Every structure is written in C-alpha cells, then in structure tokens.
Amino acid sequence: MARRAAFVAFTHRTSVRVTASVVAGTLLITILVQGLGRVGITPSDYQAQSVGAAQSALHSQSSYAKDFVVQRAFSTVASSFVQPSTFEGHFAAASERIGKGDYARALPGIEACIALSQGQSAQTLADLYFKQGCLQALLGSLDEATASIDHALVLQPDMPDAQLVRAQIAIAGGDGERAVQSLSAYLAARPSDVQAQAIMAELCSATGRYDLAEGAYTALLAYPESPYFDPVAYLKRAGCRLLAGRVEDAATDVEAYASLKGAWDADANFLGGLCSMQTGGLDLARQRLSAALEAGYREPSLCYEQLAQCAFLQGDLQEALLAGEKALAGGPVTKQGALLRQMGVAAMSLEQYDKAAGLLSEALQTGESPLEDRYYRGVCYMGLGRMDEAIEDFTTSATDESFAQASLYNRGICYLEKEMAEEAGRDFQSVLTLGGNQEYVTLAQTMLDALRRS
C-alpha cells in the first residue's frame, strides 16, 4: 500500500512538472515562420522582377527610346546601310536596338564598345559593363550577368541601379546573402523606393533576418500614399516584433492593421491571438484564434495547435486533446512532436494512460525530444502496470540530466512494484547522490528508510 501511495503521489507531481516544461517550450518562433512571417523566395517569384529591373535600367538610358518618332525612323534607315566601326557607332547602334527590345543584337554592340573602350573613363566603362549585365540577364544568362555587374561595381561602387539589378538576380538564383547586401546598398542611396523596401522586407523575413525585416517594414509604412503600400506590412512587422519579444509593439501593429482594414480579419485575429498568448491573456487568445477559424484562416491547423496549447495551459485538458486532434487532422503543424507530447501529457493527467502512451509513442517517432518522450511514456506505463516497459523507458530518460533524478526515483518505484528491493534501493540512493530537486531527495530518503525497516 505504501508503494502504491508513493506511485500515485509521483504521477500527480509529474503532471505539474510537465505543464511547466510545455510552457517553457512555447512554439512562437516556428509558428510565425510558418504563418504570417513565412515568405517563399523562389526563382520564379523574382525572375520577372530581375528582368524588369534590367529592362528598366537599359531603356531609361537608351537615347533611341527617348527620340521622337521621326528621329527613330531616320536612325533605323541609316543603321540599315551603315555598319558601325567606332566606339560611338557601336554605342549608337546598340542603343537603337535596346530601344527596339532587340537585346540579342544589342549585346554584341555593347561588347564591341567594351573592346574599343581604351581611353574611356572608369565611369563609362562601368556603365558599359552594367549594360552588358542587363542584356545578359534579359537573355537568361544570369551567371554572366552577375559577373558583368560585379565588374561594373568594382569600377564604380556608387551605382544604385546596378545594385538593384544585382540584388534581384541574386534572389532569382537563391543567393539570399548577396541579395540582402546589394539591396541594402541600393536602399542606402534610394530609401524612398517603397517597392524595393517591400522586396527587402519580404526577403529578410524569408531568410530569418527579422531585425532587418522590421526596419524595412518600418520604412515601407512611412509612405502610405505609395501605390506599393499594403496594410499587411503592419502584420508582417508585428511578427518581427513578436520574435524580438516586443509584444506590446506587435499588438499595436495588429490593431493598426485592423483599423485600416475596418475589421479584424482572419490574419489579424490569428496574430492577435499569438500576442495575447504571450501576455498571458489566454481567454482572449482563445477568442481571437476561434475568430480566425470562423473567418477562414488559411491554415486552420495552426489555429487548432495554439488553441490546444491555450486549453492545456488553462487546465482544460479534454479540450486540449480535442483541439490537438483537429490540428493533426487539418494539415501540417509547427512542431508535431511537441503537440503529440502535450496531448500525451493531457491524457496522462486525465489518467487515460493507454491513449497517452500511444500519443507519446507517436511523438517519439518524430525524433524531436526522444528522451523526454520516453520519460513521460514511462509514467504512463507505470499507470498501466507495465513495469518492465516503464523501467526500460526510465533507464533511457535517466541519461538526460534534466530527467535523471525523476527517472531514477520513478524506476525505483517500478522495482518496488516488482519486489526488487535491492535495485530499488540503489536508485533511491542515486537520487540522493544527484541532489537537485529536494522534493525527490525527501521522497527517496523516505523510501530508503522504509526499505531499511522492512
């Protein structure tokens, strides 16, 4: 009877200990990365933009494109009969072809200019390499374009347009590091380019540079009259601020977004729910997350995952299980192992040991926290009377310093249930040797004293 009383007391304390562990393992960062903070950067997203930037840069500098119609017609007729042989002739012909969009024929003209550039200034040569890079980008030769534009920037570092094209080519090629570097240089010269600020913000969010992303969103929000202004930037900046731990600032951004939109839509409710979770307002968090679901939030599994955590933290264990099941059934979640573990602990606390052991076994298969999963599953096996399996799990979890003391005490109880007093005594003595949690020390000493009297 004394052994059973010790076991029951231990399982009760374990559920409290697990609750603290789950609270410490809040999934905020992963949620934001998968939710509002997630931006997919792929070549197809930005290929058109890199080509567009190159095209804009070329046409803005083409004298042919700026000529009147009659002048362009005369230029076309003249070029049909005259083959250029000088630097100026090749440049004029290339400019005409750029104006027509005939990039394949314009490129040899610019290459000829580079070959004849002896005596030209570094600025002129840099401009030629930049034009060459733009043409190569338009023709799909991004590696060659990169080399040409890099050469132009060596000759003349102060070329904002070259930095912009270089950045967008880097994005198309998946080189986030260089893209951020080039785009930062461009924005240092032209901070009021709201479209570029938007690209910078999205890029930094996608690559996890949330401090830089916040700055870019702030710059973007400074120009509400711009055609590229989008209120969703408030939500994106709120996500960055949440990740930095500035919850009140994040909540202010969410409210600003909702005010501009005239309503709390699905995105605002979802992010507002996350803000409330961080401030401990779990009732409001549940209201916001439920409202996000009702408004058709695009990833309902994320809402259910957070609802499960809110319910768990409030001790609403049955609801935590139900919400967790909906999250798993609805699609990908942020941390499947953590959610399964939380559900397993909820079921364990409800003394649904068989269900809990199954959930913890599933969590174990994810490989996220195997020693923690083995520890909690061991408690469930104790509740089911499967002491051999419990001993195996506790033997494994005891190798984790954070679980060693509890695992050894618990394994000692299992040995007592199997009437293996010597093994139990060694585990209780090990608990005393480890020290640490004095509650376990007191319990272990009590069990050792009882063993000596028996």
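A residue counts as buried when its relative accessible area is under 20%. By that cut-off, 48% of the 454 residues of the protein chain are buried. The model discussed here is a predicted one. Its protein chain has 26 helices and 0 strands. Among contacts between residues at least 6 apart in sequence, 56% join residues at least 24 apart.

**Nonpolar cores**

In soluble globular proteins, nonpolar side chains tend to be buried together. In this model the largest nonpolar core has 97 residues. Leu 183, Phe 270, Tyr 409 and Phe 428 have the most contacts inside that core. Helix α24, residues 401-417, supplies the largest share of the core, with 8 residues. A second core of 28 residues is separate, and among its members are Ala 106, Ala 145, Leu 153 and Ala 172.

What does Leu 183 touch, leaving aside its neighbours within four places in sequence? Leu 183 is in contact with Leu 164, Ala 167, Ala 196, Ile 199 and Met 200.

**Two helix pairs**

Two packed helices are described by the angle between their axes and the distance between the axes. The table gives these values for two pairs.

| Helix pair | Angle | Axis distance |
|---|---|---|
| α10 (residues 160-172) and α11 (residues 176-189) | about 155° | 8 Å |
| α20 (residues 336-349) and α21 (residues 353-366) | roughly 165° | within 8 Å |

Helices α10 and α11 pack at about 155°. Angles over 145 degrees count as roughly antiparallel, so α10 is roughly antiparallel to α11. The crossing of α10 with α11 is left-handed. On the α10 side the contact is made by Pro 160, Asp 161, Gln 163, Leu 164, Arg 166, Ala 167, Ala 170 and Ile 171. On the α11 side it involves Arg 178, Ala 179, Ser 182, Leu 183, Ala 185, Tyr 186 and Ala 189. Sorted by class, this contact has 10 nonpolar, 2 polar and 3 charged residues.

How do α20 and α21 run relative to each other, roughly parallel or roughly antiparallel? Their axes cross at roughly 165°, and the two helices are therefore roughly antiparallel. The crossing of α20 and α21 is left-handed. Residues of α20 in the contact include Gln 336, Gly 337, Leu 340 and Arg 341. Residues of α21 that they meet include Tyr 353, Lys 355, Ala 356 and Leu 359. By class, the contact of α20 with α21 has 9 nonpolar, 4 polar and 3 charged residues.

Technical notes. Residues numbered from 1 in each chain as written. Predicted model: local features only at pLDDT ≥ 70, side-chain atom pairs only at ≥ 80, totals over all residues. Heavy atoms only, no water. Core = buried A, V, L, I, M, F, W, Y, C linked by side-chain atoms within 4.5 Å. Buried < 20%, exposed > 50% of the residue type's maximum accessible area, 1.4 Å probe, protein only. Helix = DSSP H or I, 4+ residues; strand = E, 2+ residues; numbered from the N terminus. Contact = heavy atoms within 4.5 Å. Axes fitted to C-alpha atoms, helices over the stretch in contact; angles between N-to-C directions. Parallel < 35°, antiparallel > 145°, perpendicular 65-115°, else oblique. Left-handed = near helix turned anticlockwise from the far one by under 90°. Nonpolar A, V, L, I, M, F, W, Y, C, P; charged D, E, K, R; others polar.
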